[in-house]
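Here is a walk through one structure, helix by helix. Keep the sequence and the model side by side as you read.

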Amino acid sequence: MKLGEFISVARDCKKMTLRDLEKKTGISNATLCQIESGHVKEPGWRNVVKIAKALGLSLDKLASCE
């Protein structure tokens, strides 16, 4: 599974909207949408860490994504 897909599924499982994730991470809604859709293939380490913390995911899980 690709990183964006994994984030999208994890967010849905937590019953969070993109706006909820935006508030928790400080990453814009537009950027989060682009990450989830695969338009941003390498979102940057800081963003990955912020998203992982907000979704309660381990960095190992996210690093294992294609």
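Predicted model: local features only at pLDDT ≥ 70, side-chain atom pairs only at ≥ 80, totals over all residues.

In which helix does Asn-29 lie? Asn-29 belongs to helix H3. Confidence averages a pLDDT of 94 over the protein, and 100% of the residues score at least 70. Helix H2 has the highest confidence, at 98. Helix H5, residues 59-63, has the lowest, at a mean of 86.

Back to Asn-29. Is this residue buried or exposed? Asn-29 is buried, because its relative accessible area is 18% and the cut-off for buried is under 20%. Beyond the residues up to four places away in sequence, Asn-29 touches Leu-18, Arg-19 and Glu-22.

Now take in the whole of H3, which spans residues 29-37. Its buried residues are Asn-29, Leu-32, Ile-35 and Glu-36. They cover an arc of only 125° around the axis, so they sit on the same side of H3. The general rule for such spacing is simple. An α-helix has 3.6 residues a turn, so residues three or four places apart point the same way. What lies over the buried residues of H3? The cover includes helix H1 (3-13), helix H2 (18-25) and helix H4 (45-55). After H3 comes Gly-38, with a positive phi near 90°.

The side chain of Glu-22 makes a polar contact with the side chain of Arg-19, at 3.2 Å. Neighbours within four places in sequence aside, Glu-22 is in contact with Ile-27, Ser-28, Asn-29 and Leu-32. Asn-29 and Leu-32 are among the buried residues of H3. Glu-22 can also be placed relative to Ile-51: the two are 29 residues apart in sequence, but 9.2 Å apart in space, C-alpha to C-alpha.

Ile-51 leads on to H4. Which residues of H4 are buried? They are Asn-47, Val-48, Ile-51, Ala-52, Ala-54 and Leu-55. Seen down the axis of H4, these residues fall within an arc of 165°, so they line one face of the helix. Trp-45, Arg-46 and Lys-53 are exposed on the other side of H4. The buried residues of H4 pack against H1, H2, H3 and H5. Just after H4, Gly-56 takes a positive phi of about 70°.

How much space lies in the largest pocket? About 210 Å³. The pocket is lined by 14 residues, and the closest to its centre are Lys-2, Leu-3, Gly-4, Lys-41 and Glu-66. H1, H3 and H5 each give two or more residues to the lining. The largest share, three residues, comes from H1.

Technical notes:
Residues numbered from 1 in each chain as written. Heavy atoms only, no water. Buried < 20%, exposed > 50% of the residue type's maximum accessible area, 1.4 Å probe, protein only. Helix = DSSP H or I, 4+ residues; strand = E, 2+ residues; numbered from the N terminus. Arc of directions from axis to C-beta. Contact = heavy atoms within 4.5 Å. pLDDT = per-residue confidence, 0-100. Polar contact = N/O pair within 3.5 Å; in protein donor to acceptor, adjacent residues only side chain to side chain. 1 Å grid on protein atoms, 1.4 Å probe; cavity = no way out; pocket = protein on both sides within 12 Å on 5 of 7 lines; lining within 4 Å. Points joined across faces, edges and corners; volume = space filled by probe spheres on them.
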